[in-house]
Every structure is written in structure tokens, then in C-alpha cells.
Amino acid sequence: MSRSPATGRAFRKSVPYTLPKLTDFSPASLDKAVQDLLSALESESQSVSSENAAKEFRDRWVARKNGIQPQTADWLKTAPKEAKREVGQRVNEIKACVEATVEATQERIQGGSSAAALESERVDVTLPGIRRPLGAEHPVIRTLNETVAVFRAMGYSVAEGPEVETDYYNFEALNFPPNHPARDTQDTLVIADQENKPLRDRLLLRTHTSPVQIRTMEQTKPPIRIVCPGKVHRRDATDASHSPVFHQIEGLAVDTNITFSDLKGTLDHAMKALFGSSVKTRFFPSFFPFTEPSADVAISCIICGGKGCRTCKQTGWVELMGCGMVDPNVFEFVKDRGYDPAKISGFAFGMGVERLAMMKYGIDDIQMLFQGDVRFLEQFA
Ligand code: 2NL
């Protein structure tokens, strides 16, 4: 025992275990001597953490000369006759424990290269591997990426923006009049509890990706060429051709002297790149609040080659896009960023990606694209 200089209390110094000489050979005293030895053995074994330490541990406990376990023979020698049987048993017990602990410690440090450890780690390298099925791009995303690539090859950049928009970016800056039916909650999914805000700040789920184009014009002086792919939302009932969530790619080109024939040439090229060089395009008058003049674009039906079928309702044409020359009223909202309608002009277009995918792959129900049925989707892998 020592005394702590701080508290004056007695404490046991941590000294390495040595085999005590025994004078009292009563069973209780033997029990205690064996207990002390085994707990020293166990705690020393646990602190072994390297091969060198394992070797030292082994030598300290079992070395023929001066090992702790061999020294227990002294107990037997010094024991009185009548205690020899009892002491002999304890000494044998100790021998078995020490040898087992030394071996287990060595095994733990060597990472189990013993026969038993090797056996438990046996791997049959001739078994077939586990084949993990490869995922595949969803047909909608594949169509979206392919379409974006066609425009990137023509020098367009890609712009993205938020799906939760303000009324300003989704409608006002796009020349939708205040009472346009699209602004109605019958047609647009709106965020709850916005009525206390001015109309232009109210939040909604974007109904097209045009807001991205306004945001990009606010930040980039003309000339620009951008495509804006993304998810859009409309309050529509689900049927074979409608889904409340779908994808759109809109495009915008603004420069000096952009004309309607630039628009026609660009979209005609894009449709030929997507559907094959024999596809024809047809432009016919339409209306959008943000373009003037506006047109709808149809391509010759790629299912029947234009002869007339169910998909094209016997007309030979399917409508795939809307487009037009950007309305000067739209440029007014970004005039201070260099978009003076007296100096520049532009065209814009928008297409539904699901419609493109359905046409490309001959799918007649838009819901197939959203149900996630692997038997349908694996055809595109
Ligand atoms: C359609 C029609 C269209 C646009 C989108 C646009 C964007 C700006 C200015 C002018 Cl910032 N126009 N976008 C123009 C015409 C048609 O989409 O049927 N989409 C599925």
C-alpha cells in the first residue's frame, strides 16, 4: 500500500503480478491465490495488442524458465503432505487456463490464421457470383436527355430553376392577364395560405418551365440560347393522355434579327434528329399569351408514316409542340437587363417530354410512364 500525497488515502499501486509464495494451504487461501492469478492473466491478455506484446505475454506466463505457470510447481513442492492433492488439482487447472489464454491471445493478434479460423473463412471461389440487375434510365428521362443533347449540339445551354414558383414568374412576367383562367386554382396547384400576400408573390407549383427563362434573362444579357428541362404541375384529372405531373422542355433564343424562319429551321432540325430524317414538320397558327405570332407544331405520324392510324386519329399528323416569337410585352419585364424589344427579338418553344417519349416508343397510355411497373420499364433497359 502507498499513500496519495493529495488525499493521504491508501491506494494499491499497479504493479505487475508475481506468483506469491504460499504458507497457508487452506482451501480458502488457495481459492484466493488462484483467483488473483487468473484475473492477472485475463487482464494482461486483454491489453495485448501487437505481435511483440503477444510474444512477451507468452514468455512471461509459460516460459519453461521463470514463467509464472511453471513456477506454480513451487506451490506443490512447499505444500504439506495432506494438502498436496488439493494443490496439485489447482496447479493443473492453472496450467490449462494459462495455456488456453496464451493460445487465444496469439490467435486474436495474428488475425486468426489458425486452422479453425481459416476453416471458418473458407470461400468457395467456384460458386457463381451474385448478379445484381443493372438499373436503366427511365424512358422519360432518356427522352429528356436526348432532346437536351440535340439542342446542346446547336449551341444551347441548359438552365434549371425552382418547381415552387411565384405568380410573378409563372404568370405575370409571361403576359398572362390577371384573370386568365390558367391562374385559377381550378387549373393550377397553389401552395396553401398565400391569400394574405399580393398576387405576384403567391407561391404555386410551376405550370411550365418558362419561369426559368425569365429568371435566366434577368441574369444574362442577350444574346442567349437556352433550354429549360424540368418537372411541371397542373391541376388535371388523370387519363390516358393527362397527368398532373409531367416534364417539359422549353427553349428560348434571343438575339438581333431572330426570325420565324430561324424558329422553323431549328425545330425542324430537332424533330429530324429525334425521330429520323424522313419526319416532316408542320406549323399552324395558335395562341399563347407569351408569344406573338404563335404556332402549334405537328410532325408526320411516325407510327403510320403519315398514312393515317389510331395514334394520329387518321390525320397523318401529331401535335408535339407549341412555339412562337417572344411577345414584346414579355421583354418589357426584362428591358432593363438589355432586352429592349426595339433592338432584339427572339423565339421560344415548349414541348411535353412524356408526349415525345410516347411517340418515340409507341406508348399509348401516359400512365405507363408513371406506374413504375418493372415489366414495362425493363423493355427500355
Ligand atoms: C406548349 C407550348 C410554349 C413558350 C412555351 C416561352 C417562354 C418565354 C417567352 C415566350 Cl420566357 N415563350 N415559352 C412559348 C410558346 C409555347 O409551350 O405547348 N408546351 C407544352
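Is C97 buried, exposed or partly exposed? C97 is partly exposed, with a relative accessible area of 33%; buried means under 20%, exposed means over 50%, and partly exposed lies in between, using a 1.4 Å probe and the protein chains only. This is a predicted model, in which local features need pLDDT of at least 70 and side-chain atom pairs count only at pLDDT 80 or more, while totals for chains, interfaces and linings use all residues. Residues are numbered from 1 along each chain as its sequence is written, and side-chain values use heavy atoms, with hydrogens and water left out.

**Cysteines**

- The structure holds zero disulfides; a disulfide is a pair of cysteine sulfur atoms within 2.5 Å.
- C301 is in no disulfide, and its nearest cysteine sulfur, which belongs to C304, is 3.7 Å away.
- C301 is buried, at a relative accessible area of 1%.

**Nonpolar cores**

- In soluble globular proteins, nonpolar side chains tend to be buried together.
- A nonpolar core is a set of buried Ala, Val, Leu, Ile, Met, Phe, Trp, Tyr and Cys residues joined through side-chain atoms within 4.5 Å.
- The largest nonpolar core here has 42 residues, and L267, M271, F275 and F349 are those with the most contacts inside it.
- Two or more residues of this core come from each of α7 (139-153), β7 (245-255), α10 (260-275), β9 (291-300), β10 (317-326), β11 (345-352) and α12 (353-361).
- Helices (H or I, at least four residues) and strands (E, at least two) are DSSP runs, numbered from the N terminus.
- Helix α10 gives the largest share of this core, six residues.
- Leaving aside neighbours within four places in sequence, F349 is in contact with F151, V227, I249, E250, G251, L252, L263, L267, G322 and C323; contact means heavy atoms within 4.5 Å.
- A second, separate core has 25 residues, including V212, L252, F290 and A348.

**Around the ligand**

- The ligand is surrounded by 15 residues, of which the closest are Q213, Q248, E250, F290 and A348; a residue counts as near if one of its heavy atoms lies within 4 Å.
- A polar side-chain atom of E250 lies 2.8 Å from a nitrogen atom of the ligand.
- For Q248, a polar side-chain atom lies 3.2 Å from a nitrogen atom of the ligand.
- The backbone takes part as well: a polar backbone atom of G350 is 3.4 Å from a nitrogen atom of the ligand.
- Taken alone, the ligand exposes 480 Å², and the protein buries 89% of that; these areas come from the Shrake-Rupley method with a 1.4 Å probe.

**Backbone features to look for**

- Most residues other than glycine have a negative phi, and most peptide bonds are trans.
- The peptide bond from P222 to P223 is cis, with omega near 5°, and P223 sits in the loop between α9 (210-219) and β6 (224-233).
- Another cis peptide bond joins E292 and P293, with omega about -5°; P293 belongs to strand β9.
- N257 is not a glycine, yet its phi is positive, at about 65°.
- You can find N257 in the loop between β7 and α10, where N257 is exposed with a relative accessible area of 67%.
- K313, also a residue other than glycine, has a positive phi near 50°.
- Look for K313 in the loop between β9 and β10; K313 counts as exposed, at 69% relative accessibility.

Methods. Polar contact = N/O pair within 3.5 Å; in protein donor to acceptor, adjacent residues only side chain to side chain.
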